Amino acid sequence: MPAMPTPSAPNGRYNRPDASMSLLTNVMDHSLDEGYAEAAAARGGARDSRIPGTLRGLLTLGAGLALVGAVVTVGAVNAHKAEPTLAKERDALIQRINDSNSSADHLQKQVQELRRKVDGTQQQALASAGDGDPGGLTGVVGLGEVTGPGVKLVLEDAAGTGVGGNVDPRAGQGFSNSGRLRDRDLQLVVNGLWGSGAEAVAINGQRLTALSAIRAAGEAVLVDNRPLVPPYNIQAIGDGPKLLAAFENDMAGQYLRLLQERYGIKSTLSTQKSMTLPAAVGVTLRTAQPVTPEPSPAATPPAGQAPSGSPSAGPGTSPSPNASVSPSAPPSPSASATSGGAPAKRRPSTGTAKTTTATGAARP
Amino acid sequence: MIAVLGLVIGVVVGLFVQPEVPDAVVPYLPIAVVAALDAVFGGVRAMLDGIFNDKVFIVSFLSNVVVAALIVFLGDQLGVGSQLSTGVVVVLGIRIFSNAAAIRRHVFRA
């Protein structure tokens with residue numbers, strides 16, 4: 001046996017200090033195969049057999065070592081062979097991931113470009129649409145830029161309610177009892193503006209159409225699913241002073257004063273000589289169809305535009321004659337723009353747009 | 001002399017014949033290699049201790065390899081193959097280490 005002390009007492013069973021580690025100790029102590037010691041004992045304690053003396057013993061040792069060498073070499077060769085294939089598979093996978101990523105990016109870009117193109121083309125077609133009622137109608141329904149005098153209303157959350165909407169949505173109270181403007185308030189104000197004679201309304205530069213929704217999601221107020229950041233800047237085009245007076249006497253005006261008194265929500269109302277409201281984006285046409293579908297379907301870009309598409313073709317840049325759009329079913333031209341729903345109901349009379357904003361259900 | 005010759009022959013055979021290892025055995029080859037190394041270190045240490053026995057060496061080598069592969073195979077069938085092979089490698093590794101330490105003591109007297 002090796003010169004390692006074996007701590008086990010011959011017959012006493014004293015508690016070893018490392019009793020809990022007996023497995024490790026066992027593995028460490030009996031690292032040599034016990035067969036060697038037994039064979040040595042059987043030989044009668046002859047401790048000189050370093051190398052087997054007989055030829056047979058030598059041959060056995062040689063064969064064993066040959067076996068060992070073969071096993072180790074085969075293992076090494078096998079591992080070596082498997083390595084490049086593994087690396088190759090990995091590389092192929094990485095390559096595939098990268099390829100898919102870049103193609104997805106490319107497709108995304110294409111989608112954006114095409115969407116912009118469709119928007120631009122639609123705006124162009126609508127700008128020249130209407131069978132002799134060009135321009136004016138698209139402005140009224142929100143599909144074209146409009147300019148004119150009007151009223152500007154700035155609503156600000158009460159002081160100390162978080163800046164820029166950076167309120168933790170899980171911080172508890174939510175909208176309740178705080179000095180924050182709610183979607184319901186905004187709905188009321190916008191409806192008041194329409195009712196007081198506004199012809200076009202935009203909130204924070206986002207034009208409202210007959211299908212716009214003002215809603216709340218968490219802590220944010222959304223207009224057409226786009227979150228607003230306070231202060232809320234509401235622009236309404238109409239007969240400035242008259243609109244202002246009507247609004248202040250309206251229920252919405254009184255409501256605003258109440259908000260200011262009770263919650264400290266600041267509102268600033270002022271008339272403007274001239275404002276420009278942008279066109280609404282993302283309006284889908286549902287019932288409008290091109291007049292002459294055979295020569296130029298609505299999807300092809302107008303003649304003035306390169307087919308590859310300058311995506312930033314603004315609304316109404318050059319009304320081209322071959323992209324005219326006219327409503328098919330209802331006789332009123334307004335149906336081409338109000339896009340679906342019940343076109344006849346919300347056809348605005350040019351003087352006072354009494355359209356009620358399609359507001360979503362208040363909050364969950 | 002014959003021993004070294006046998007080792008060289010084994011390496012050469014492994015290198016040049018390159019036997020096609022069946023796929024079913026491939027997972028157990030690394031464990032078999034570790035077991036073979038353990039047997040070799042044990043043999044060398046026994047030789048230095050003066051108690052070497054060729055029969056014991058051969059039998060311990062073969063049984064080590066087979067038992068190690070069998071344990072891992074059993075673990076694979078039970079779904080704990082990787083854990084069991086870790087255990088086998090730990091035990092054999094500890095044995096290899098302490099045998100190597102004993103060899104070192106014999107060779108360097110330190």
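Chain A contains eight helices and ten strands. The structure is a predicted model. Of the 364 residues of chain A, 32% count as buried. Contacts in chain A that join residues at least 24 apart make up 78% of those between residues at least 6 apart in sequence.

**Nonpolar cores**

The largest nonpolar core comprises 39 residues, and Val71(A), Ala32(B), Ala35(B) and Ala36(B) have the most contacts inside it. Two or more residues come from each of α2 (34-42) and α3 (55-127) of chain A, and likewise from α1 (2-17), α2 (29-49), α3 (54-78) and α4 (81-108) of chain B. The greatest contribution is that of α2(B), with 13 residues. Leaving aside residues up to four places away in sequence, Ala36(B) touches Val68(A), Val71(A) and Val72(A) in chain A, together with Phe61(B) and Val65(B) in chain B. A second, separate core has 33 residues, including Trp194(A), Val223(A), Leu259(A) and Ile265(A).

**Contact between the chains**

Between the two chains, 45 residues of chain B are in contact with 38 residues of chain A. On the side of chain B that touches chain A, at least two residues are supplied by each of α1, α2, α3 and α4 of chain B. Here too α2(B) gives the most, with twelve residues. By class, this side of chain B has 30 nonpolar, ten polar and five charged residues.

**Annotated spans of chain B**

An unreviewed UniProt entry lists residues 24-44, 56-74 and 80-103 of chain B as "transmembrane region". The table describes two of these spans in the model.

| Span | Helix | Strand | Distance between end C-alpha atoms |
|---|---|---|---|
| Residues 24-44 of chain B | 76% helix | 0% strand | 32 Å |
| Residues 56-74 of chain B | 100% helix | 0% strand | 26 Å |

**Helix α4 of chain B**

The 28 residues of α4(B) should span 40 Å at 1.5 Å a residue, and the end C-alpha atoms of α4(B) are 39 Å apart, so the two values agree. Within α4(B), the buried residues are Ser85(B), Leu92(B), Arg95(B), Ile96(B), Ser98(B), Asn99(B) and Ala102(B). Against which elements do the buried residues of α4(B) pack? Their partners are α1 (22-29) of chain A and, in chain B, α2 and α3. Just after α4(B), Arg109(B) adopts a positive phi of about 55°.

Methods
Residues numbered from 1 in each chain as written. Chains lettered and ligands numbered in written order. Predicted model: local features only at pLDDT ≥ 70, side-chain atom pairs only at ≥ 80, totals over all residues. UniProt positions renumbered as here; feature names shortened; annotations may be inferred. Helix = DSSP H or I, 4+ residues; strand = E, 2+ residues; numbered from the N terminus. Core = buried A, V, L, I, M, F, W, Y, C linked by C-beta atoms within 7 Å. Buried ≥ 20, exposed ≤ 12 C-beta atoms within 10 Å, placed from the backbone. Contact = placed C-beta atoms within 7 Å. Nonpolar A, V, L, I, M, F, W, Y, C, P; charged D, E, K, R; others polar. Expected span 1.5 Å × (residues − 1).
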